[in-house]
Amino acid sequence: KGHSWDGMKNAMPPSLLDHINGNAVYNLTHPLFQNFLNELQAEEGTEFEAVPYDYRMSQMVHEGRYGTIPEFPFPWMSFEDGRPARLHPKKRKFKQWWGLYG
């Protein structure tokens with residue numbers, strides 16, 4: 001990892017600090033990755049789609065492993081009706097995946 005973000009580390013969510021760069025080599029045959037990929041496809045057209053896929057996969061790991069509710073990376077955004085954009089937790093599903101494959 002580089003040091004570009006060192007001055008901001010304390011203000012950044014753990015799932016962003018721990019994310020694996022999108023240019024990484026992934027094991028496409030691993031069952032956990034397959035579940036992540038299916039989940040990313042299922043989240044198309046939802047508020048989750050605003051989160052870059054590499055960061056989203058890190059959120060899934062954190063939610064499954066630590067129970068951390070995912071943070072929306074753009075807090076200034078809101079829905080058309082004015083509600084703040086938030087990501088709904090999916091802890092039960094991700095915890096099960098982490099228990100099986102993590």
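Author: About 40 Å³ of space lies in the largest cavity. This is a predicted model, where local features need pLDDT of at least 70, side-chain atom pairs count only at pLDDT 80 or more, and totals for chains, interfaces and linings use all residues. Residues are numbered from 1 along each chain as its sequence is written, and side-chain values use heavy atoms, with hydrogens and water left out.

Reader: Hi! What is a cavity here?

Author: On a 1 Å grid over the protein atoms alone, a cavity is a set of points where a 1.4 Å probe fits but cannot get out. Grid points are joined across faces, edges and corners, and a volume is the space filled by probe spheres set on the points.

Reader: Which residues line the largest cavity?

Author: Its lining is Leu32, Phe36, Met60, Val61, Gly64, Arg65, Phe94, Trp97 and Trp98; lining residues have an atom within 4 Å of a point. H3 gives the largest share, 4 residues, while H2, H3 (53-66) and H4 each supply at least two. Helices are DSSP runs of H or I with at least four residues, numbered from the N terminus.

Reader: Which residues make the contact?

Author: From H2 they are Pro31, Leu32, Asn35, Phe36 and Glu39, and from H4 they are Lys93, Phe94, Trp97, Trp98 and Tyr101. Contact means heavy atoms within 4.5 Å.

Reader: Is Asn35 buried or exposed?

Author: Asn35 is buried, with a relative accessible area of 18%; buried means under 20%, using a 1.4 Å probe and protein chains only. Asn35 lies in H2 (residues 31-42) and touches Trp97 and Tyr101, not counting residues up to four places away in sequence.

Reader: New topic: how much space lies in the largest pocket?

Author: About 350 Å³. A pocket is an open set of points with protein on both sides within 12 Å along at least five of seven lines. Of the 18 residues that line the largest pocket, Ile20, Tyr26, Phe36, Met57 and Val61 are the closest to its centre.

Reader: And which helix gives the largest share of that lining?

Author: H3 does, with 7 residues.

Conventions:
Buried < 20%, exposed > 50% of the residue type's maximum accessible area, 1.4 Å probe, protein only.
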